[in-house]
Amino acid sequence: MSPALQGLITIFIGVGGCLAYFYGSNIFLDKVLFPAKGADAGRNINRANMVRPWLFLMPALLALGLYLAYPVVETFRLSLSERLPGGASQYVGFDNYRRMFAEDKFWEAMRNNLLWLLIVPAAATALGLLVAQLTDRIKWGSFAKSLIFMPMAISFVGAAVIFKLIYDARPADQNQIGILNALWLQFDGGFGSILILRVVPALMFAGFAAVVGYAAYLVGRPIVKPASHVVEGIAFKLLRVVGAVLLAWVAVLSALNVIDSVTLAMPYGEQQTWLTIPFWNNFFLMVVLIWIQTGFAMVILSAALRGIPEDTIEAAIIDGANPFQIFFKIKVPQIMNTIVVVWTTITIVVLKVFDIVFAMTNGQWETQVLANYMYDKLFRSNDWGVGSASAMIIMLLVTPILVWNVYNARKEMR
Amino acid sequence: MDNIAGTKSSLNWAVHISVVLLVVLWIFPTVGLFVSSFRTADQISTSGWWKALFPSEQSLTLRAADPDDFAVQQADGSWVVSGNLFDGGNEAEISRWGSSSRDISAYAAGEAADLGDGESFAVEANGDYIWSSAEQPSGRGQRVFVTAVTPPEFTLENYDTVLGQGVVQSLLVYVVAAVIVGSVAGFSARALRPDHTRSAVIVFGFGTLILLSVIFGLGTGQGGGQASDDMAKAFFNTLTVTIPATIIPITFAAFAAYALAWMDFPGRALLIAAIVGLLVVPLQLALIPLLRLHLSIGIGKGYLGVWLAHTGFGMPLAIYLLRNYMAGLPRDIIENARVDGATDFQIFTRIILPLSFPALASFAIFQFLWTWNDLLVALVFLIDSSGNTTVMTRQIVELLGTRGGNWEILATAAFVSISVPLIVFFAMQKYLVRGLLAGSVK
């Protein structure tokens with residue numbers, strides 16, 4: 001049977017079957033099971049109304065349960081067991097995890113994932129906010145926005161091809177067809193190169209370090225000097241300590257990068273195969289995701305900016321605030337919730353990132369990430385135990401966001 | 001707003017310029033792919049695509065006509081071969097030329113060169129050459145190395161290779177026809193049934209497109225070889241995966257969303273919370289257990305499996321989006337209908353479903369983009385060792401591996417695969433934005 005025909009039949013069966021099920025089961029409920037007549041008419045109506053929601057929910061719940069809830073449990077079970085020849089499996093405790101933790105490739109994936117987690121959501125959100133703010137008041141803003149939003153429609157694989165063309169490297173005696181190398185060959189170590197490749201990155205790292213350091217200070221200050229009017233639980237205090245330490249660590253790292261970017265020897269005038277330079281190639285992969293996700297951040301943040309009550313801005317202008325003060329002190333605080341939402345949403349995308357790495361480097365040259373590591377284990381090494389264990393690690397990393405989302409949704413519904 | 005107090009912000013120009021820069025930066029990569037897909041392999045590998053838009057100086061190796069066929073004996077007994085190095089059609093302008101690969105710019109255009117043995121050769125700037133020889137020349141035509149400024153040149157060759165001969169050309173013609181028919185239908189509908197203008201345009205436009213493609217076929221039917229067969233197959237496979245995987249979850253989710261939005265039952269809040277939680281569960285977790293399940297119940301790897309998988313994975317977002325939207329519909333309508341004796345099933349199909357069109361469209365776009373662009377689910381649940389069910393994303397990854405240097409094929413294949421989502425994106429951006437705004441967990 002031709003796949004197209006099979007597809008049509010499946011649509012027909014899927015949609016038609018679904019409609020028939022709903023229609024039939026409702027009729028059955030009203031006419032046969034609990035008919036609204038006779039002595040029990042009233043009770044039957046109530047009963048039918050108790051059952052009906054579950055009729056409506058049944059197919060969706062089945063799909064959800066089978067395809068999302070059950071796998072969480074099953075993967076956990078698989079991560080604790082080992083396949084034996086012949087299809088049977090055997091409980092091995094945390095052996096798979098032990099084996100995984102002993103692998104360098106796993107730690108490489110963890111390190112890279114952490115890098116991705118730190119950089120991609122931050123960069124995409126910041127750029128999105130920047131674009132949203134800049135396009136907010138100009139006439140052709142919506143046109144500009146739709147162009148920046150466009151990469152959202154492009155597949156990760158398509159984006160991988162697009163960026164491979166950018167990173168392409170040709171032998172030295174040929175014209176470079178990758179724009180990055182063509183640009184790179186323009187630098188010769190002169191004044192322009194020092195300005196663009198040393199001073200600007202150093203300033204950027206310094207600025208980033210300052211911002212993160214300040215954030216660490218803000219997070220950490222209440223530990224030393226508790227605000228009098230807020231009482232925090234011990235768990236929250238612990239969270240603060242961890243957050244402050246993490247942020248401070250990031251600040252120190254980026255401060256160290258200032259020195260690095262000034263002193264690093266750069267191979268001017270030589271074409272580079274960008275994707276094979278260990279450590280830095282991670283950033284070239286991240287650019288792809290940032291390019292895609294900025295549009296998403298921009299759309300959401302732009303709507304949030306529009307939603308800010310105008311009188312707050314008006315008041316600030318009358319009080320003599322300059323545009324930067326308006327942006328950072330009036331607008332950003334009011335959309336902080338949305339920023340957090342965007343940030344967490346992109347974080348989840350980052351945790352699941354697979355296609356980009358798979359298509360561009362396949363985890364070679366130290367660019368492995370967890371999702372690709374897991375795919376490798378599952379379908380190349382056929383090691384389901386370690387594969388499941390690494391999937392559980394991804395789940396573990398997602399869990400805080402999951403809890404946070406559920407908590408917020410519950411709060412909102414009350 | 002910023003100039004509310006009558007002061008025009010001095011940052012105005014800076015804002016415009018930085019937005020222009022950002023936009024250029026953002027579309028630059030895609031434009032690169034697009035332009036490259038219209039260039040030949042030679043052009044791509046000799047110069048960056050950004051130079052393709054302008055006349056460029058190139059070094060070409062050309063050959064004069066074969067003297068055995070074209071040499072003409074003159075009155076004085078010498079032999080002359082004359083003609084144009086470019087064989088017409090090319091408007092390049094030659095600045096320097098040479099007869100030896102060691103010195104390719106030995107002579108200026110218009111100069112004549114002595115080749116020895118009584119032979120001389122002259123090349124004009126437009127490519128006309130005169131090759132004269134005292135004795136009858138033999139062998140192959142004289143090789144000439146020229147440095148020429150060639151105008152930008154683009155070709156549809158790659159699309160012929162990737163999709164099959166003439167597919168793009170016929171598609172373009174059909175699209176023009178569809179636009180004409182669609183707009184005529186739109187104008188007539190505006191006069192007759194104003195409320196159906198949009199649907200008339202869509203139905204007649206797409207109808208024409210599909211009808212023409214079915215009647216006249218796409219292209220000449222002569223494939224461009226292996227690459228085109230593979231890509232055309234992958235295109236239809238992707239379509240086969242996408243359409244059911246978009247439609248089926250909508251039906252499932254719509255009913256569930258209605259129950260969660262408008263029916264009261266114990267455990268409702270808990271269910272909603274569970275769905276919000278499931279929204280972020282990584283589908284990586286589902287790969288092994290479900291593959292095992294599929295293999296054990298006999299679905300195996302195939303379309304049915306991938307449809308089911310996409311249905312399951314899309315379900316939380318579908319329910320979440322639709323529930324939020326349905327919960328916002330006015331209570332009065334539903335209560336009135338209930339008082340009038342409508343059953344829940346009737347309320348759902350007659351009132352809720354038509355009113356929820358924007359949310360349904362939002363989710364449909366999401367699911368379409370996601371299933372069209374997906375690689376992982378297809379790799380795990382669909383593509384078996386026979387390779388008959390490969391999808392476009394997989395095909396492109398394959399090309400990246402086997403033809404990493406063939407940029408013309410790669411760029412064209414990638415552009416074909418992203419063109420459909422791009423069309424959907426630009427046509428239905430409104431719904432996509434609306435869906436994003438509703439779908440991000442607040």
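In chain B, four strands line up as β1-β9-β4-β5 in an open sheet of 4 strands with antiparallel pairing; strands here are DSSP runs of E with at least two residues, numbered from the N terminus, and two of them pair if DSSP finds at least two bridges between them. The edges are β1 (56-63) and β5 (107-108) of chain B, each pairing on one side only. Strand β1(B) is joined by 8 bridges to β9 (residues 143-150) of chain B, and the two run antiparallel. Across from B:Q58 sits B:A148 in β9(B).

This is a predicted model, in which local features need pLDDT of at least 70, side-chain atom pairs count only at pLDDT 80 or more, and totals for chains, interfaces and linings use all residues. Residues are numbered from 1 along each chain as its sequence is written, with chains lettered from A and ligands numbered from 1 in the order in which they are written.

Turning to the two chains together, 97 residues of chain A are in contact with 94 residues of chain B (contact means C-beta atoms, placed from the backbone, within 7 Å). Helix α2 (residues 41-79) of chain A supplies the largest share of chain A's side, 19 residues; helices are DSSP runs of H or I with at least four residues.

One helix pair crosses between the chains: α6 (residues 156-167) of chain A packs against α1 (residues 12-36) of chain B at about 90°, with axes 9 Å apart. Axes are lines fitted to C-alpha atoms over the stretch in contact, and angles run from 0 to 180 degrees between N-to-C directions. The pair is therefore roughly perpendicular, a label for angles of 65 to 115 degrees.

Conventions:
Parallel < 35°, antiparallel > 145°, perpendicular 65-115°, else oblique.
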